[in-house]
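Subject: Handover of a structure for your review

Dear colleague,

Please find below the structure that I am handing over to you. I would be grateful if you could look through it alongside the notes in this message.

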Amino acid sequence: QGRLSTSKHSSALFLVVLVAMIGSGFAASFVRVDIALAAVGWIGIILLHPDVKANAKKIGKVLSSNELDLEEVIQDLEKSIIVD
């Protein structure tokens, strides 16, 4: 049996989706579509770059640890960034 086998689950999912659609439609009226699409596209392209992926993983590891040493993170990033 699937998750939507009962009327209770189906109704709850329907209400959640309905509220999300109405909320996103209302919020979308405040955002220019061309700017939002351009930002999403550029962010996606930037995140596909191998150096960005490596640095994002380093930053993620540091942020997930209990000790946050920003100077060490900056030094690691400076070593991996080559400025011509």
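The notes below describe what was found in the structure, beginning with the overall picture and then turning to individual residues.

Please bear in mind that this is a predicted model. The mean pLDDT of the chain is 76, and 82% of the residues reach 70 or more. Confidence is highest in helix H2 (residues 33-48), with a mean of 84, and lowest in helix H4 (residues 70-80), where the mean is 71.

As to the fold, the chain contains 4 helices and 0 strands, and its pattern along the sequence reads α-α-α-α. Of the 84 residues in the chain, buried ones make up 2%.

Phe14, Leu15, Leu18 and Ile22 make up the patch, which covers about 410 Å². One of these residues, Ile22, belongs to helix H1 (residues 7-28). The relative accessible area of Ile22 is 55%, and this residue therefore counts as exposed, the cut-off being over 50%.

The aromatic residues also deserve a note. A pair of aromatic rings is described by the distance between the centres and the angle between the planes. The count here comes to 1 aromatic pair. Phe26 and Phe30 form an edge-to-face pair, because their ring planes stand at 85° and the cut-off for this class is over 60 degrees; their ring centres are 5.2 Å apart. Both Phe26 and Phe30 are exposed.

Turning to charged side chains, the structure holds 1 salt bridge. The partners are Arg32 and Asp34, whose side chains meet at 2.8 Å, N to O. How exposed are the two partners, Arg32 and Asp34? Arg32 has a relative accessible area of 54% and is exposed, whereas Asp34, at 45%, is partly exposed.

Finally, Leu47 is located in helix H2. With a relative accessible area of 47%, Leu47 is partly exposed. Once neighbours within four places in sequence are set aside, Leu47 is in contact with Val52 and Lys53.

When you read the regions named above, I would ask you to keep in mind the mean confidence of 71 in helix H4.

With kind regards

Conventions
Residues numbered from 1 in each chain as written. Predicted model: local features only at pLDDT ≥ 70, side-chain atom pairs only at ≥ 80, totals over all residues. Heavy atoms only, no water. Helix = DSSP H or I, 4+ residues; strand = E, 2+ residues; numbered from the N terminus. Buried < 20%, exposed > 50% of the residue type's maximum accessible area, 1.4 Å probe, protein only. Phe/Tyr/Trp six-rings, centres within 6.5 Å; stacked < 30°, edge-to-face > 60°. pLDDT = per-residue confidence, 0-100. Patch = residues over 30% accessible without salt bridge, like charges linked within 9 Å, V, L, I, M, F, W, Y side chains within 5 Å. Areas by Shrake-Rupley, 256 points an atom, 1.4 Å probe, with all protein chains shown as cover. Salt bridge = Lys/Arg side-chain N within 4 Å of Asp/Glu carboxyl O. Contact = heavy atoms within 4.5 Å.
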